Amino acid sequence: MKDFTNENFINILFFFGLFLLIYALNIFMGTAIFERILTNLFIYIILVVGLQVFMGNSGILSFAHIGYMSIGAYCSGIFSIPVKMKSMALPDLYYFIQITTFDPVICIFIGGIFAAIVAAVLTLPLMRLNDAAAVITSFAVLMVIHSIVVGWSAVTNGPRTFFGVPKATTLELAMIFSFAAVIIAFLYKNSRFGLLLRATRDNEVAAESIGANTVYLRWFAVIVSAFLAGIAGGLWGHFITSFSPKSFYLRETFLVISMIIIGGSFTVTGAIAGALFVTIGYEFLRWIEKVIKFSDAIKFEFIGLTEIFLSITMIVFLVTKPKGLFPFLEIGEIIKKKFFNKE
Amino acid sequence: MILQFIVDVLSLGSMYALFALGLVLVYGILKLVNFAYGELILVIGYSIFLLKGSPFPWFFMSFIAIIMCIFTSIATDYVAFRPVREKSVTAVLITSFAFATLLQNAALLLISAKPKNVPMPSFLSDSVQFLGVITPVRNLISILVAVVCLFIFFQFMKRSLLGLAMRASATNFNMARMLGIPANLVITTAFALSGLLAGIAGTLWMSKISMVFPGIGLEPLLIAFIATVIGGMRSIQGAVLGGFILAFIDMSFNYLLPQDILKFRDAFTFSFVILILVIRPEGLIRGPATGART
């Protein structure tokens with residue numbers, strides 16, 4: 001048991017260093033665009049790490065997390081819009097919300113908690129499903145959340161743009177939150193719940209025979225991971241400041257899943273690496289698209305090129321490295337093996 | 001009024017049933033969900049759209065479109081399923097999802113993000129009246145086509161050798177292979193048939209909305225999902241039944257619900273799907289005995 005805490009410590013220390021390094025890089029570069037990209041990266045890290053808490057430990061693919069993210073974003077936005085703005089942005093809002101406003105950071109937590117509550121209520125009966133049925137229901141959960149967000153105009157401004165959210169997310173805030181998310185993910189993974197859940201992932205029947213309750217273990221993981229997704233949503237909402245239900249749909253789902261698949265869903269390290277590499281690749285391709293667009297060499301619109309590239313990368317990864325870049329070992333374990341040369 | 005409702009349900013349901021049947025065919029044998037299934041509709045739409053300028057008659061164009069659809073379906077097998085078939089369920093789900101995204105964005109990149117008009121023969125939209133029911137011709141054609149297709153399909157599954165091999169594979173794939181049924185042939189046939197059914201249903205779908213855009217595949221995919229979940233993921237009769245039940249639910253919502261609740265229709269339908277999966281995970285009609293991936 002002592003060994004596990006030790007590894008947690010190395011892992012967390014490593015990512016603390018990495019995040020500081022990224023932060024230092026930003027000071028060094030100093031441009032606004034770079035800061036935007038990095039803030040986005042940290043928000044995606046929270047989201048993907050949140051997804052990893054459920055997907056990595058239970059082994060079940062989930063499409064629903066972008067839905068939880070949207071709950072976090074809308075919830076946090078609704079509570080934080082200044083009272084004067086509210087009557088303009090959301091004229092039909094219920095009275096008791098209309099007159100209350102909190103600090104954005106508190107609202108981000110409210111969003112996370114709300115997302116966790118929705119996930120808890122919605123998914124408890126779904127946790128006994130396996131394989132394809134589990135995936136289809138998670139897809140259905142995404143659809144339900146999406147259509148409620150689109151339909152509930154009084155609160156979400158319907159399919160139109162939701163605006164007026166105060167800008168509160170800075171690079172520092174995003175970094176602190178994503179570091180907290182990494183700590184939660186590691187602590188969870190090596191906790192009693194995480195270990196038992198991973199046991200059910202590897203062999204459900206055997207794990208249940210020694211007393212693991214699969215349904216409740218998965219349920220707990222969903223709640224934790226929906227909370228993180230909700231936090232990511234809130235941060236994103238306070239970063240972008242105006243968004244619509246379209247921002248939380250299949251395109252984003254695809255992006256997040258590609259991150260976790262390329263990185264490797266079984267490890268937190270993989271989730272972070274996936275977020276990092278996909279963001280870098282994404283920005284690089286976007287830059288190429290822009291260069292082509294402005295060079296006037298080819299009269300051709302290059303929308304969709306990024307997605308095509310991503311989907312091909314994903315298929316190649318799943319064929320050649322189906323468990324991603326970091327299949328089993330966390331970075332701490334890799335470092336230990338390499339430098340201290342012990343098992 | 002009641003007769004009108006029945007005709008509406010039957011015409012919508014026959015389309016839904018064909019969609020669902022195409023999805024369940026692959027699921028039944030491989031126990032894997034094909035997320036790229038909806039993109040077959042996209043292929044149909046863009047094929048007809050691209051052939052618009054050609055001198056061929058419309059029926060020939062849609063015939064070519066259906067052939068393209070079959071080819072795409074087989075390509076799905078080769079790109080998304082065959083390389084990862086032996087690996088985890090998650091891997092195949094994601095590769096098919098990635099393949100779907102690939103096709104969508106290819107359409108976005110090579111053609112346009114804007115909806116494009118798909119030519120349809122004008123007689124399909126003409127209204128006919130009988131027994132107090134007013135309905136476009138295409139609804140009656142949908143019912144007719146579905147009945148013919150379902151009849152041929154079930155006869156094929158029941159009587160032909162290949163149909164027997166497919167049913168055997170759906171029951172226990174490994175056992176079927178041991179008894180000498182060529183696995184790849186059966187799987188390719190399943191994908192081809194799935195493409196054919198999606199192609200026919202897609203042409204009917206096109207005649208209804210007569211335009212095509214990159215995101216068009218989502219709705220048919222969801223329909224097929226819901227219908228198969230309701231009817232039973234592994235039973236081909238269940239898929240047909242599920243299609244008609246879903247059409248009945250959709251139409252009842254359309255007739256009964258007031259406008260401001262109607263926008264939550266999808267939420268209701270999907271909650272219903274979740275409910276069915278919870279109460280009866282196998283759907284209304286149970287399929288062959290072995291449900292696990294073998």
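This is a predicted model: local features need pLDDT of at least 70, side-chain atom pairs count only at pLDDT 80 or more; totals for chains, interfaces and linings use all residues.
**The core**

The largest nonpolar core holds 206 residues. Which members touch the most other members? They are I46(A), V48(A), V49(A), L228(A), F19(B) and A20(B). Helix α1 of chain B, residues 2-30, gives the largest share of this core, with 17 residues.

Take I46(A). It sits in helix α2 of chain A, which covers residues 32-58. I46(A) has 30 other C-beta atoms within 10 Å, so it is buried. Burial here needs 20 or more such atoms. Setting aside residues up to four places away in sequence, I46(A) touches F177(A), S178(A), A181(A), L228(A), I231(A), A232(A) and L235(A). Sequence distance and spatial distance are two separate things. I46(A) and S225(A) are 179 residues apart in sequence, but their C-alpha atoms are 9.6 Å apart in space.

V49(A) has its own set of partners. Beyond its neighbours within four places in sequence, V49(A) is in contact with A181(A), V182(A), A185(A), L228(A), V268(A), A271(A) and I272(A).

**A buried residue in chain B**

L40(B) lies in helix α2 of chain B, residues 39-50. Is L40(B) buried or exposed? L40(B) is buried, because 32 other C-beta atoms lie within 10 Å. Its contacts, leaving out neighbours within four places in sequence, are C69(B), T72(B), S73(B), G195(B), A198(B), G199(B) and G202(B). L40(B) and M211(B) are 171 residues apart in sequence and 15 Å apart from C-alpha to C-alpha.

**Two helix pairs**

Two packed helices are described by the angle between their axes and the distance between the axes. The table gives these values for one pair in each chain.

| Helix pair | Angle | Axis distance | Crossing |
|---|---|---|---|
| α3(A) and α12(A) | about 50° | 6 Å | right-handed |
| α9(B) and α12(B) | roughly 35° | within 9 Å | left-handed |

In chain A, α3 spans residues 65-80 and α12 spans residues 214-240. α3(A) and α12(A) are therefore oblique to each other. Residues from α3(A) in the contact include H65(A), Y68(A) and G72(A). Those from α12(A) include S225(A), G230(A) and W236(A). By class, the contact of α3(A) with α12(A) has nine nonpolar, 11 polar and no charged residues.

In chain B, α9 spans residues 218-231 and α12 spans residues 265-279. From α9(B) come I226(B), V229(B) and I230(B). They meet T269(B), V273(B), I276(B) and L277(B) of α12(B). This contact has six nonpolar residues, one polar and no charged.

**Where the chains meet**

How many residues of chain A are in contact with chain B? The count is 32 residues of chain A, facing 39 residues of chain B. On the chain A side, α7 (131-151), α13 (250-263) and α15 (305-320) each supply at least two residues. The largest share of that side, 12 residues, comes from α7(A). By class, the side of chain A that touches chain B has 25 nonpolar, five polar and two charged residues.

Most residues other than glycine have a negative phi. T241(A) has a positive phi, near 70°. T241(A) is in the loop between α12 and α13 of chain A. With 16 other C-beta atoms within 10 Å, T241(A) is partly exposed.

How values were computed
Residues are numbered from 1 along each chain as its sequence is written. Chains are lettered from A and ligands numbered from 1 in the order in which they are written. A nonpolar core is a set of buried Ala, Val, Leu, Ile, Met, Phe, Trp, Tyr and Cys residues joined through C-beta atoms within 7 Å. A residue is buried if 20 or more other C-beta atoms lie within 10 Å of its own, exposed if 12 or fewer, and partly exposed in between; C-beta atoms are placed from the backbone. Helices (H or I, at least four residues) and strands (E, at least two) are DSSP runs, numbered from the N terminus. Two residues are in contact if their C-beta atoms, placed from the backbone, lie within 7 Å. Axes are lines fitted to C-alpha atoms, for helices over the stretch in contact, and angles run from 0 to 180 degrees between N-to-C directions. Angles under 35 degrees count as roughly parallel, over 145 as roughly antiparallel, 65 to 115 as roughly perpendicular and the rest as oblique. A crossing is left-handed if the near helix is turned anticlockwise from the far one by less than a right angle, and right-handed if clockwise. Ala, Val, Leu, Ile, Met, Phe, Trp, Tyr, Cys and Pro count as nonpolar, Asp, Glu, Lys and Arg as charged, and the others, Gly among them, as polar.
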